Amino acid sequence: MTKIVQPLTAEVTIVTSFQDADPMGVIYHGNYFRYFEEARHALMAKIGYSYREMQASGYVWPIIDTRVKYVKPLPFNHAIRVTATLTEWENRLRVDYVIFDLDSGQRLTKAHTMQVAVHIDGGEMCYVSPTVFTDKVEAYHAGKTE
């Protein structure tokens with residue numbers, strides 16, 4: 001394993017929408033996954049492994065497990081910062097997320113998702129992450145980004 005010079009982290013800023021809220025004006029819990037997805041997309045873009053690049057490499061990465069800790073509710077029309085950090089990548093992909101209040105910096109939610117590589121042709125799950133992905137992560141951690 002390469003010594004980690006720089007952790008692979010990304011963040012996005014989002015303003016919650018009225019249509020994402022329940023009748024009480026609080027963001028519906030299922031919509032948090034859309035916010036996580038925005039941050040995960042930014043994370044993968046940092047290493048040049050977007051959804052199209054995943055597909056072109058012959059793999060899809062379905063989510064197999066999630067965990068969310070809702071610390072404080074999100075109201076609509078509220079600015080948040082969502083961070084995503086890659087914490088596992090050799091046998092599965094684990095991304096840890098934190099949602100912060102943009103103004104105060106207060107942590108509002110923390111979560112993680114786990115994904116595994118699946119061959120597009122045949123649908124077979126991989127028990128080791130493909131080198132097309134791990135090579136990109138290792139290069140980033142070693143400070144060798146494009």
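This report describes salt bridges, surface patches and selected residues of a predicted model.

## Basis of the model

The model is predicted: local features need pLDDT of at least 70, side-chain atom pairs count only at pLDDT 80 or more, and totals for chains, interfaces and linings use all residues. Residues are numbered from 1 along each chain as its sequence is written, and side-chain values use heavy atoms, with hydrogens and water left out.

## Salt bridges

The structure holds five salt bridges, a salt bridge being a side-chain nitrogen of Lys or Arg within 4 Å of a carboxyl oxygen of Asp or Glu. One of them joins Glu11 to Arg81, with 3.3 Å between the closest N and O atoms. Glu11 belongs to strand β1 (residues 9-15) and Arg81 to strand β4 (residues 79-88), so this pair ties together parts that are 70 residues apart in sequence. Strands here are DSSP runs of E with at least two residues, helices are runs of H or I with at least four, and both are numbered from the N terminus. Glu11 is partly exposed at 47% relative accessibility, and Arg81 is partly exposed at 23%. In these terms, buried means under 20% relative accessible area, exposed means over 50%, and partly exposed lies in between (1.4 Å probe, protein chains only).

Also among the salt bridges is the pair Arg92 and Glu88, whose side chains meet at 2.6 Å, N to O. Arg92 has a relative accessibility of 31% and counts as partly exposed; Glu88, at 27%, is partly exposed. A further salt bridge links the side chains of Asp96 and Arg94 at 2.7 Å, N to O. Asp96 is partly exposed, its relative accessible area being 23%.

## Surface patches

A patch of positive charge on the surface gathers Arg67, Lys69, Arg107 and Lys110. Strands β3 (63-70) and β6 (107-115) are the elements that give two or more residues to this patch. Arg107, located in strand β6, is partly exposed with a relative accessible area of 41%. Patches consist of residues with over 30% relative accessible area and no salt bridge; like charges are joined within 9 Å, and nonpolar side chains (Val, Leu, Ile, Met, Phe, Trp, Tyr) within 5 Å. Lys and Arg count as positive and Asp and Glu as negative, while His and the chain ends are not counted. Each charge is placed at NZ of Lys, CZ of Arg, CG of Asp or CD of Glu.

Met125, Tyr127 and Val128 make up a nonpolar surface patch with about 340 Å² of accessible area together. Such areas come from the Shrake-Rupley method with a 1.4 Å probe, and for residues only the protein chains shown count as cover. Met125 is situated in the loop between β7 and α3 and is partly exposed at 34% relative accessibility.

## Loop residues

Ser129 occupies the loop between β7 (118-119) and α3 (131-141). Ser129 is buried, at 5% relative accessibility. A polar atom of the Ser129 side chain lies 2.8 Å from the backbone oxygen of Trp89.

Asn77 is placed in the loop between β3 and β4 and is exposed, with a relative accessible area of 60%. Although not a glycine, Asn77 has a positive phi of about 60°. Most residues other than glycine have a negative phi.

## Helix α2

Ala56 is part of helix α2 (residues 51-56) and is exposed, its relative accessible area being 70%. Ala56 and Thr113 are separated by 57 residues in sequence and by 23 Å in space, C-alpha to C-alpha.

Notes:
A polar contact is a pair of N or O atoms within 3.5 Å; within protein, one must be able to donate a hydrogen and the other to accept it, and residues adjacent in sequence count only if both atoms are side-chain atoms.
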